[in-house]
Amino acid sequence: MSTGATVSGGFVGFDPVEVQKLVVQLRGAAEDLNNMANQAKGSLDRAVALIPVNTIEYDIGQLRGCAATIGEMSADVQRRLDKFLQEQQLKEAAEWGERALGGASEALERELERLVPGRWVGGDWIPGHWVVEERVATRPGPGFALLDREMVPREVPGRLGPKTWIKPQAVHDVPLQKAGKWLGRGMNVLDVGLAGWGEWGRRKDLSGAERLLHAGLAGATEGIASAGGGYLGYGAGFAAAIALGASPVGAVVVVAGIGGAIVGSEVGKVAGRAVKEFGKGIGRGVAGGAKKVVGWFK
Amino acid sequence: MLRDAAAQLRSIAVRVDCDGQHPLTHALALARNDRTWKGGYAENIRGALAHQERILADVAEAFRNAANWLDQLAAERDAASPGPLLPGACPPGPP
């Protein structure tokens with residue numbers, strides 16, 4: 001007797017309804033052939049009463065043999081089909097049992113893990129982040145409502161980051177998105193340049209090298225802090241707009257982000273100025289100390 | 001009697017192996033359809049059914065030959081037997 005796995009392995013891609021039809025046809029053919037063999041034997045017996053005819057005894061035996069073989073074939077196919085269907089039912093019952101016992105069962109959790117960050121569809125690997133959701137629908141049954149449950153995979157848009165799945169927070173309009181990105185970069189460069197230029201204009205009392213040093217320090221502190229503040233402000237404005245109900249891919253979040261960037265830039269400038277003054281104090285201290293050391297040697 | 005037996009054998013031969021319609025016709029059509037099944041087991045059943053189909057063709061041929069032979073025997077017996085007696089005639093006596 002073959003095992004369940006062998007039985008299922010025998011039916012690689014089959015239609016149980018068609019196979020059941022085949023079983024019925026084979027069974028009918030076996031019965032027909034057996035009846036024909038009996039009729040042929042009857043005819044032969046009548047002829048033998050007159051003359052010694054035995055030339056087709058062998059062929060009648062062949063016909064009976066065919067009937068027996070086809071009958072056995074029919075029974076074997078039926079047995080394998082029953083086994084297969086029984087396995088299917090047991091498998092489905094086990095799956096439903098697991099789901100019924102634990103809600104999101106271990107099998108489902110394993111499935112969820114397997115579906116990140118992609119899944120196999122028709123032999124092709126489809127990258128992406130997938131979750132399996134259960135859909136339940138009712139339909140009228142014989143005297144009561146039946147629940148139809150099915151597990152449906154759904155793709156979560158985004159991309160796989162170093163460790164986690166990053167959902168997209170971008171506008172649909174790619175040119176607008178690119179323009180916004182370059183505008184932001186331009187503003188950052190402008191922040192640094194303006195801070196340095198402002199300091200250069202203010203310190204006309206200093207000599208060339210020292211004036212340049214002050215301008216550089218202002219650019220590195222006020223300018224970079226302003227740019228950083230603008231960057232953080234953009235994120236804060238963007239997030240605030242989403243929290244208030246705006247679409248993460250709409251234009252509203254971009255406008256909110258720009259507003260946040262302007263405020264953030266100003267805040268960053270103030271912070272950068274404080275850092276610059278602190279840096280100047282340290283610079284003065286270092287310069288004074290250096291002068292003293294030089295004086296000792298003089 | 002011989003002619004009846006021949007006719008019956010011929011009729012069985014036709015049912016066993018008629019062009020396109022014999023007991024295995026529908027079963028073979030279902031078994032050979034890829035939509036029904038695929039795989040090694042399906043191939044084995046198809047092969048076995050084709051073998052049985054060939055055996056049936058041989059059996060049908062043998063039945064036809066036997067029917068022809070029975071017809072021939074009946075004809076020979078008819079030719080050997082005397083014709084029907086006329087009213088009032090005496091049957092032939094012993095030699």
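This is a predicted model: local features need pLDDT of at least 70, side-chain atom pairs count only at pLDDT 80 or more; totals for chains, interfaces and linings use all residues.

Residues are numbered from 1 along each chain as its sequence is written, while chains are lettered from A and ligands numbered from 1 in the order in which they are written.

I looked up chain A and found seven helices and six strands (DSSP runs, H or I of at least four residues for helices and E of at least two for strands, numbered from the N terminus). From the N terminus, their order is α-α-α-α-β-β-β-β-β-β-α-α-α.

I then took helix H6 (residues 208-243) and helix H7 (residues 251-297) of chain A, whose axes come within 5 Å and cross at roughly 150° (axes are lines fitted to C-alpha atoms, for helices over the stretch in contact, with angles from 0 to 180 degrees between N-to-C directions). H6(A) and H7(A) are therefore roughly antiparallel to each other, a term for angles over 145 degrees.

I turned next to helix H2 (residues 16-48) of chain A and helix H1 (residues 2-16) of chain B, and their axes come within 9 Å and cross at roughly 160°. H2(A) and H1(B) are therefore also roughly antiparallel to each other. For the residues that meet there (C-beta atoms, placed from the backbone, within 7 Å), I listed among them A:Met36, A:Gln39 and A:Arg46 in H2(A), and B:Leu2, B:Leu9 and B:Arg15 in H1(B).

Note on methods. Angles under 35 degrees count as roughly parallel, over 145 as roughly antiparallel, 65 to 115 as roughly perpendicular and the rest as oblique. Two residues are in contact if their C-beta atoms, placed from the backbone, lie within 7 Å.
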